Structure formats: C-alpha cells, structure tokens
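Thanks, everyone. I will go through one model this morning, starting with the overall fold and ending with the surface.

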Amino acid sequence: MTAPSTTDADEPELTSTGTSAPAETPTRRRTFGLAAATALVMGNIIGGGIFVLPATVAPYGSVSLLAFLVLSIGAVLLALLFGKLARRSPVTGGLYVYPRDAFGPFAGFLSAWSYWTMTWVSIAALAVAVVGYVDVLIPLHDSHALGALVAILALWLPAAANFAGTRWVGGVQIVSTILKFVPLLLVATIGLFFVDTDNFGAFNASGDSVPGALAASAALLLYSFLGVESAAVSAGEVENPERNVGRASVLGTLGSALVYILGTVAVFGLVPHDKLVNSGAPFADAVNVITGGSWGGTAIALVAVASIVGCLNGWILLAAQMPYAAARDGLFPAPFAKVGKGGVPGFGVWACAILGTVLIAFNYTAGPDTTFRVLVLITTFTGCVPYLLSAAAQLYWLARGTRDRVRPAGLVRDLIVAALSFAFSFWLIAGAGYAAVYQGVLFLFAGIPVYVWMRGRQVTQDVEELTDTTA
C-alpha cells in the first residue's frame, strides 16, 4: 500500500516502491480560481450530451426525464464525495490518487487506466456528436466520409489549443461555458411556454419494465454528467483546492443539472416523439418549433458546435492529466509525465487525440448514430469504475476512523454520501447492459500488461529525474 497523499500539494508523496514521487512542485503556479474551476466542471459536463442525448434516450419514453432527475441527485452526491476526498489529497489526478492511497498501486492503476480510457473514448463520442449540428449548418448529405472528417477536425482543433497551456484552457472554458449556458438556459425556460404535452409520447416506450427502462436510459444519460470530477482531477491547477474543488464541483453540477432537466423537458415537449427518435439535432429542431422557421435551429446549431468544441478543450486536458499523475508514480510510461512550457502534459494530449481519431475512423463505418450510442455506453462503464473505487476509498478511510482523516461530527453525513455514491455507481454499471460491460472489461483488462511491465521495470526513479528536468 502506498503512503497517503499529504494534504499539502507541495509536499512529496510516497509511491508503492517507497520512494518519493514529486507532487505539485512549489514553483508551479495554480491557474484555476473558483470561477475557472466551476467553468471547467460545467464546461466538461455540458458538452455534446445536452444537445444529442434527448434523441438518444427518446426510444425509452419520458421515463428518461425521471432518469435525468435521479442522475442529477447522484451527480451531486459524487460532487460532494470528490470535494471531501480533495481535502485529503489536493493534487492532480484525484480519481487515481484516492484508490491508490487507500488500496495500493494496482487499484490506483486500474482507476487511472479506466478513467483514461473513458476520456479518450468520450472525446471520440463528443467529436461524433458535432457532426449532426454541423450538418444543420453545412449539409453533409449523409456521407460517412464527410462525417468522419468533421469529427476528426473537431477533435484536433481543441487538441492543438491545449498545447498553448492551462491558462488558455481555463480562459477558453469560461468563454465557451458562458456562450452555451446562456442560450441553453433561455431555450430551457422560454421553450417551456411552447410545450405540447401530446409530444411527450408514452411514459415507457421501451417495452421493458419501468425499472429496466429507467436503468437503461440512466446508463446512456450518465454520459451527460461525466465531468463532475473535473476539478478533482485538476486539483493541482486549482487555487486553494481543499476548499475550491468541492465548491466548484457542487456549483458546476447543480448549474448543469438545472440546464439539463429544463432543457430536456422543453425538447421532449416541443418535438413530437416519433420525430425526436430519429433526430440528429434535437435542440435545433426544438428551437425551430419556437421560432416557426429555420433560423433559430441554425443559431442553436452554432451554439452546439461551440459548446462541444469547448467541452473537448477541457476533456483533452483531463485526458492528459490522469496518466500524468500515474506516470509520476511509475505506473504509466514515462513520456506521460513530461510537462511542456504551458503546463500541459503534451504526450498525453497527443496520445488521446490519436487514439480518439483511430476510434472515430474504426467505428464510423457503422454510422454516426450507432457509433455515438456504442461509445456512450462504453464510457458509462469505464467512467463508473473510478467513481466506484473513489467511493470505496472514502468508505475505507471512514471505516478505519483514523483521526487525521475523519471528522467525527461529519461521520454519518460522509458515510451516507460515500455509500450512496458507491451504490449509484454500481447501479449505473449494471444499467449499461451486457455488451457495454463486456467491451468495457476488455478495455480495462487490456491495461493489465501495461501495469505488469511498468511495475517489473520499476521506473519510478526515471520518472523523478524526467520531472526534475522539465519542471
């Protein structure tokens, strides 16, 4: 078992080999204040999901609206959980650090590998989500080749922007969050006045039981809440992380949940159910109903493209930071630990962009709708594994009851939050379905040879030297 992370981000951590792994260096400036950290959370949560998923879950019926409410509650629980864990370990790589400190390097590696897999698969899914709205602006004539090209360009533009540094990433997140949040909130409120209850269709249109339809639609909708952990993963970039990570996580999640629930209700009530099921741009269709023409749909399509590209900007940063944290402990290949002048792990950016491109090219032969659905379900599984392990880590510290880690006054509250977060994550994994769990497990187990190789070579000292030369 590794030694617990110190609560001071400038102090070194002990790795599984007993050597000191560099934490956040004293000279490294934290660039995310509360506003930027909250924008990072909201920007990563509100991306392609709000614009695409209403059509994806429409076949289940309006039971998916209930699933959104359940997910909102669960997401707030996770935000509270990560805030508590960040007080204990306010360093970059949160969802990797928590299981590592509690259960040892292998648990930390599995969490890091699963989360890293989720990020680049999610990046590919987001890039695919751009295509439906670009088609509203520039007709692609159902060409899979053009669709794949648009998705790849949508991935590489924000990847290139990440090389400018974390300060630029934070600035882009604030601007893109404002650009998409204000129009979406207006649609979610004004649209309610145009809702036709006949458009909602059947409560359960899946043919399955209500609990089954609720779990299945929730597994898809979880994709829209991935990102609640963004501030915890980037804690090393956040000012006063012991306080601001939890605040940013909760504020960002609550704001996103408000937009999601109101927006989805508006879309379901504006677009007839039979049309919504086959829609590639449901929000654009909803706005066209409000405006009585096509100009509104064009405007929302522009917002959607800007929103998704901005979301990709933040997700690419997270995709680079998780393996960066693991590489500093010698659990990921050493190049992942190399940080450029802008404070961004460049190799991690290259890796996620290339892997995302390969996934887009490989899966696009099945069509964009099928591709998006498959990728979303895979991210549900791979995203929930770190959530599950983080909740288990908190339960472990609470069970140990060590005075420096548990405040007796908040024991019951923290125990309830951790237990419900664990149960919530487990429920979502079960709801993802056999195919998604099967494919997700394959992605997860594919990382075991990497762990065996890295542990066998014991490259911790090499990572320390590499970090010292690039700090």
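The protein chain has 19 helices and two strands, where helices (H or I, at least four residues) and strands (E, at least two) are DSSP runs, numbered from the N terminus. This is a predicted model, in which local features need pLDDT of at least 70, side-chain atom pairs count only at pLDDT 80 or more, and totals for chains, interfaces and linings use all residues. Residues are numbered from 1 along each chain as its sequence is written, and side-chain values use heavy atoms, with hydrogens and water left out.

Confidence next. The average pLDDT (the predictor's confidence in each residue, from 0 to 100) is 76 for the protein chain, and 80% of the residues score at least 70. Over residues 1-28 the pLDDT is below 50, although this stretch has 79 contacts in the model beyond near neighbours in sequence; contact means heavy atoms within 4.5 Å. Where pLDDT is low, the predicted coordinates should not be read in detail.

Of the 471 residues in the protein chain, 60% are buried. Buried means under 20% relative accessible area, exposed over 50%, and partly exposed in between, with a 1.4 Å probe and protein chains only. Among contacts between residues at least 6 apart in sequence, 83% join residues at least 24 apart.

Leu71, in helix α3, is one example. Leu71 counts as buried because its relative accessibility is 1%. Setting aside neighbours within four places in sequence, Leu71 is in contact with Ala218, Leu221, Leu222, Phe225, Phe424 and Leu428. Leu428 is 357 residues from Leu71 in sequence, and the C-alpha to C-alpha distance is 9.4 Å.

Now helix α5, residues 105-137, which holds Ser122. Ser122 is buried, at 2% relative accessibility, and touches Tyr223, Trp315 and Thr379, not counting residues up to four places away in sequence.

On to aromatics. Rings of Phe, Tyr and Trp (its six-membered ring) pair if their centres lie within 6.5 Å; planes under 30 degrees apart count as stacked, over 60 as edge-to-face and the rest as tilted. The count by this rule is 18 aromatic pairs. One of them, Trp116 with Phe336, is edge-to-face, at 5.8 Å centre to centre and 80 degrees between the planes. This pair links distant parts of the chain, 220 residues apart: Trp116 is in helix α5, and Phe336 is in the loop between α13 (295-328) and α14 (346-363). Trp116 is buried at 7% relative accessibility, and Phe336 is buried at 6%. Both belong to one aromatic cluster, whose members also include Trp113, Trp120, Phe443 and Tyr451.

How many salt bridges does the structure hold? Three, a salt bridge being a side-chain nitrogen of Lys or Arg within 4 Å of a carboxyl oxygen of Asp or Glu. Lys84, Arg413 and Asp414 are linked in a network. Asp414 to Lys84 is 3.9 Å between the closest N and O atoms, joining helix α16 (residues 411-431) to helix α3 across 330 residues. Asp414 to Arg413 is 3.3 Å, N to O. Asp414 is buried, with a relative accessible area of 10%, whereas Lys84 is partly exposed at 28% and Arg413 is partly exposed at 48%. Elsewhere, Asp101 and Arg100 form a salt bridge at 2.9 Å; Asp101 is buried at 2% and Arg100 at 1%.

Last, the surface. Leu66, Leu69, Ile73, Phe203 and Val210 make a nonpolar surface patch of about 430 Å². Helix α3, residues 63-88, gives the largest share, three residues.

Terms used
Patch = residues over 30% accessible without salt bridge, like charges linked within 9 Å, V, L, I, M, F, W, Y side chains within 5 Å. Areas by Shrake-Rupley, 256 points an atom, 1.4 Å probe, with all protein chains shown as cover.
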